[in-house]
Amino acid sequence: MPKLTIDNRSIDVPPGTKVIDAAEQLGIMIPRFCYHPALGSVGACRVCAVKVLEGRAKGIKMSCMLDAEDGMVVSTTDAEVVDYRRYVIEWLMLNHPHDCPVCDEGGHCLLQDTTVSGGHGLRRYQGPKRTHNDQDLGPLVQHEMNRCIQCYRCVRYYREYTGYEDLGVMGIGRRVYYGRFQDGTLESPFAGNLTDVCPTGVYTDKPSRFKGRRWDFERTPGICIHCSLGCAITVDARYREVVRHEARFNPFVNGHFICDRGRYGYPYASAAERPWQAALDGQSIDGPTALQAAADRLTAVAAEHGSRAVAVAGSTRCSLEAMAELSRACRGQGWRGPVFFEETRHARAVGTAANHLLSGPAVGLPAVEAADLVIVAGVDPVHEAPMLALALRQAWRRGAAVVIVDPRPVALPFDFAHRPLPPGAIGPWLEGLGGAAPVDDNKDQDDLGRRFRESDHPVIVAGTDILPAAALAQAADLAAGRVAAGQKAGLFCILPGPNAFGAALLDEDHDGLGQVIADIESGAVKALVLVESDAAWRYPNQARLANALARLDLLIVLDYLASPVVEAAHVFLPTTTVYESGGVFINSGGRAQQAVTALRGGRPITQTGQGGHPPRVFEPDIPGAGQQAAWAVVRALAAAVAGEASPGDLSPLEDLGQLHPALTVITPAPLPPEGLIVTGGFSSLPTEPEAVASDAGDAPGLEIVWTERIFGSEPLAARAPALRELQETPFLLIGEGEAAAWQLADGAMVAIGAGEPPWKLVVRVVTDMADGIVVLPRLPGWQQVVLPDGRLQPEDIHQRS
Amino acid sequence: MLTEELRTALEAKIAGAAHPQEYVVDVLFALQDHYGHLTDEAVAEAAQLVGMPVVAVEELTTFYPFLYREPVGRYVINVCDSVVCWMDGHESLQNHLMERLGIAMGETTADGLFTLLPVCCIGYCDRAPAILVNKKVYGELTPEKLDDLLETLRREAE
Amino acid sequence: MTTTYPQILFQNRHADRIATLEEYAASGGYEALRQMIAGGDRAQVQAAIQEATLLGRGGAAFPMGIKLSTVAADAPFPRYLVCNADEMEPGTFKDRVLLHADPHQLIEGMVLTGFAIQAAKGIIFIRPEYENAARILEREVALARQAGYLGEKILGSDFSFEIDVHRSGGRYICGEVTAQLNALMGKRPNPQQPPPYPTESGLWGRPTVIQNVETLSCVPHIVRNGAQWFKDLALTESGAGTKLFAVSGHVNRPGCYELPMGVPLSEIIEEHAGGMRPGSEFKACLPGGASTQFLTRQFYDIPMDFDSLKKAGHRLGTGAIMIFDHKTCMVAATLNLMDFFARESCGWCTPCREGLPYIRDLLQRIERGEGEAAFIPMLEEMSKYLWNAYCAFAPGAVSPLQGLLTYFRDEVEEHITAHRCPFQASGSGALDNRSQTD
Ligand SMILES: Cc1cc2nc3c(=O)[nH]c(=O)nc-3n(C[C@H](O)[C@H](O)[C@H](O)COP(=O)(O)O)c2cc1C
Ligand code: SF4
Ligand code: FES
């Protein structure tokens, strides 16, 4: 461990530590532009200069390029080096347009800070400045090249870190230009990080452009709830509206970055169509009256049909608080449920995954990055858990091999091996890899199995969207087997939704909404309480859902999103978003993380004042406010039904261990910033292995694999106008042979299903796909497609053109 | 569009290479000769030929002075303005050229014949002041010699 | 009367044509290759080069023998040899003359060096302005291959070696070793600070040796005639071999002369370059290209070898001597040089990318009579701080400026106090009608 002295203070650091980082550990922040911990050192900007007083090479050196040496003595305050840095800052400012008053970066600009702290206050350069034309980089990122200080961070981030290839460095000398070959939308779904990575205002957040400066914003630590990874974000709010997300550093989850779905997905919270007001039989009404009406009607249904005639369904976007109250309400009132998943197979798969994660070698994204071999089974990373794709790329950059076992064609920004197996064949394939018996004398499997057994820290990533529960058990066994054999193996799962892990723990019967619908159809269920449920978005058979809901005596809906179920509700009770109430979410790694309340709620001023000054009407309340968190509404409802007083201030996080032993670690006390790992004690799963759909060969038609898309599938972000611009045209992926047999040509437009209007798709004939399947995206419109047996027949395809 | 002949020739050149990127500048020069300058199409074709992202090729076309992303005249005249030619009267030479052709540095004559570009030391300091015409050197120039040269080029073009 | 010296690299130089393979062979060419291949002793080639203290002729004067020894015995294959024929240092044209005079000694030098380090391929990286030389090289390489000096199983041995000619797209920075490797790999030619050194991980991550044309051309002669012979060619104890001096500027006979290392500057100017032009008096020269400092009258008799100049606080660089007469405005000359460097800066690091245009702006103001006294300390500070740039480009770039401020400070001050250029007639406002063409 080299021990060095910086500004008369000494510190021990691990070998290989750069002086710039060693200084930071001492609290000495050496200025930097090109250096970024995630991107490494390149020594381009020269502003991190220090003076080495003792060491192998003395004099002015760049601290980002300098390894700490034992006995080294470094000064950051030496007069000459301070003067040198002052010059570097002056040089960087030569061409800067000084447009800080109209620059969105103003106030959190590294260049601004460094210029001021470096003492460069007087402009001496009198020559002409170089100027640039900007490019239109699409709906997310604004380009403003005149502000550029040529630190190369953007291109290094974009090309090296994320692996996308449409941003480059053009020109030479002082004309160096960062941009695309031509105007156009940045292709990387991680492009938004450019706005964080850029130390000045070249890349700024486009949707929030001119909405405020950082000091205008209420900034709170949040958790992204747009997929199961739970990346850390900072929520920027102003005028009762979330206007921006920034990536927040979390070394245990996302590191420095987030994806564009997470960054730009927030507008649902202030959408004009958001249902702010309670409703009874379609009429707006005040919240307490609606709540009492709901309680009265529930009591009536229970009195007539018994309490089991009341069913409760939440979703995987419910906070743990809401889930806990749902669970307590069901236990207390004898209601059915709660269910959280739309489809039973998801409930089973996630339950199985959670079970193994609680007891097995669960790891997080950092372990994926550090792995030397990653087997990704049944996951399309970019679309289901975008930051996983970046973690895999970092593993690949460090030399890891990545193998994707997935029926779908998968695109990733690095080289990987793809085994296109049908969903049902993936579990046995994983089992074969464990070494039990090579499948089919498969040499490839043998080789991979050997590499797997020989690798130091392999990680298995398994997805719950398309894999059956049995395959998740097989994935977990594979990882556990290697741990037993002494390897540092890990298991990482991708789950459907930000709190799917929590849902699996509180899910009583491991059934899905499908079972509830069946129970409605059979007449067993007469009343349904839907809490922040995405049934109208995610349930694969909307016609059946609508019919079932229509048969109910009572439909109570709690939500903050407008949807067909809100409209169908007899009683609607508005709830708050995560921004207004915060909440705990357990990510796919079993890490419980807490989002902090970011704003007070109420309609945004842009809506109440039509974009101008808020209306000059004097009321005691915030216009549009008055919603409560789902957990509070559920608790009040249950209490009203029971005829008890609501337990007021008691935190919904009290006594969680009674609901599930793994939740014991979570208490009403604020969670630590890095969250808490839930662990231990889970065995409530039905144990009989699920039958694998292996008769696919004989059944007519092709098995449909529904697939997530990064933009358009996840119901919250799908409402963001900027992201809607990036949504793909729905597509039908079909293999070459099948396409020929069905006479489908690549690029042809078709419609499928019986929905109205028909769901239009473009045909894509592909080769890297499992046999016997077609792939269809969960993009708006997919819900209309009624294909009861999950298979597609040629006659389902119509309107060919 | 590339002619089939040129495409085949370039593909053949690249085919055996362990690292086709080594040939990117050669390919760009060939396409530049073919199109007159590097059109957007040419840059995209070069990228495809050598298997590089198109922006990575653009990173080079905008770096190297002998790759032209804008149309140039039939004769590109590079006037050396480095120190030895400067000593030996590059300035009056350049003024003479601009006057004779009626264009400024960086411009192309209306008839599309001549483009004037500055160039740094071309390694013919023993024959200063010197210029390049389509990469061919002319040294020890005087206004008279320049006039003759322009005349010859004009005639050659006809 | 001109002193004559043994011509080694130029022994086959003809006024108007290129030496043929036969002529080269007749003068002893490819003999060294034959011997070495027959003996098969790679270490011998390296030892000869090391003993001969052959210093790199491309400007940095790094001993070639030491560089070769940094290719580890167990370094991975394939290994590469790159011949740096970029020669973009202003004032320098020796490599061009050499390539046009006798290309086969370069080819033989490359094969021998390739043999010494067990390289599989040699690449000649040549600037686009030297298209003619590039064609000559391609032709002569093919002839050498036909004659069995190149290609598969050279001269029947088990050593195979290929040579490719790679045309650059231009740009001075491409002459810098690591930038050149990036250029060869189709990347932007930004330099890359070691470690790793190119001899460990260069082209495509393989061990790569880069040498200048002139350096490589010395190799066959050293191997054939021995290290001591080579050292004895120099006039000074500290020198070794001959040097090609490319002389230009206000002299009667600009041109490239092969002279012993250590020949006095005054002799080069007065004898070999035919003396100052009529009406011209020596004022200063740049001794080794644009990135060296001005040598003034006080150094007129200095022995021109790497060591002597270093001792005097100067650099021999490429040995390209540009001579300025007494009518030259040194501010304007330096401005021209700074304009060159500002335009050619690769743009990677801040001091060079921004500092050089800043310096150019200040010099231009001074030259136009708009200078201020405060500019001088600013120029001084910047010329010092540009040494803390990323690569050797920037320190080279400010060398003439440092020379200006050291030796011609009064001239700078005169511009400022008089509010005009005292040499008005000779090239004032050098950049006026270019208005910053970078
Ligand atoms: C900015 C810059 C430009 C250079 N240009 C050339 C060049 O054109 N030709 C050359 O041989 N060396 C050039 N060099 C020197 C090379 O970096 C390197 O030292 C040389 O090619 C090694 O060969 P040598 O040891 O045989 O001289 C340049 C160096 C720098 C920093
Ligand atoms: S010193 Fe100049 S040439 Fe060298 S890296 Fe920096 S900008 Fe590029
Ligand atoms: S941070 Fe060290 S050079 Fe930029």
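Reader: How are the side chains of C:Lys94 and C:Asp95 related?

Author: Side chains of opposite charge can pair when their charged atoms come close. In this predicted model, C:Lys94 and C:Asp95 meet in a salt bridge, with a distance of 2.8 Å from N to O.

Reader: Are C:Lys94 and C:Asp95 buried or exposed?

Author: C:Lys94 is buried, and C:Asp95 is buried as well.

Reader: Which parts of chain C does the pair of C:Arg167 and C:Glu138 tie together?

Author: The side chains of C:Arg167 and C:Glu138 form a salt bridge of 2.9 Å, taken from N to O. Because C:Arg167 belongs to strand E3 (residues 162-167) of chain C and C:Glu138 to helix H7 (residues 131-146) of chain C, the pair links parts that lie 29 residues apart in sequence. As for accessibility, C:Arg167 has a relative accessible area of 15% and is buried, whereas C:Glu138, at 35% relative accessibility, counts as partly exposed.

Reader: How many salt bridges are found across the interface of chain B and chain C?

Author: The rule finds 4 salt bridges there. B:Asp81 forms a salt bridge with C:Arg343, the closest N and O atoms being 2.8 Å apart, and this pair crosses between chains, from the loop between strand E1 (75-80) and helix H5 (83-87) of chain B to helix H13 (residues 330-344) of chain C. B:Asp81 has 2% relative accessibility, so B:Asp81 counts as buried, and C:Arg343, at 9%, likewise counts as buried. B:Asp126 also forms a salt bridge, with C:Arg96, where the closest N and O atoms are 3.3 Å apart.

Reader: How many residues of chain B are in contact with chain C, and of what class are they?

Author: On the side of chain B, 38 residues are in contact with 58 residues of chain C. The two chains bury about 3,900 Å² between them, with 57% of that area on carbon and sulfur atoms. B:Glu22, B:Phe63 and B:Trp86 supply 19% of the area that chain B buries against chain C, which is more than any other three residues. Between chain B and chain C there are 13 residue pairs in polar contact. By class, the side of chain B that touches chain C has 22 nonpolar, 8 polar and 8 charged residues.

Definitions and conventions. Residues numbered from 1 in each chain as written. Chains lettered and ligands numbered in written order. Predicted model: local features only at pLDDT ≥ 70, side-chain atom pairs only at ≥ 80, totals over all residues. Heavy atoms only, no water. Helix = DSSP H or I, 4+ residues; strand = E, 2+ residues; numbered from the N terminus. Buried < 20%, exposed > 50% of the residue type's maximum accessible area, 1.4 Å probe, protein only. Contact = heavy atoms within 4.5 Å. Buried area = accessible area lost by both parts, 1.4 Å probe. Polar contact = N/O pair within 3.5 Å; in protein donor to acceptor, adjacent residues only side chain to side chain. Nonpolar A, V, L, I, M, F, W, Y, C, P; charged D, E, K, R; others polar.
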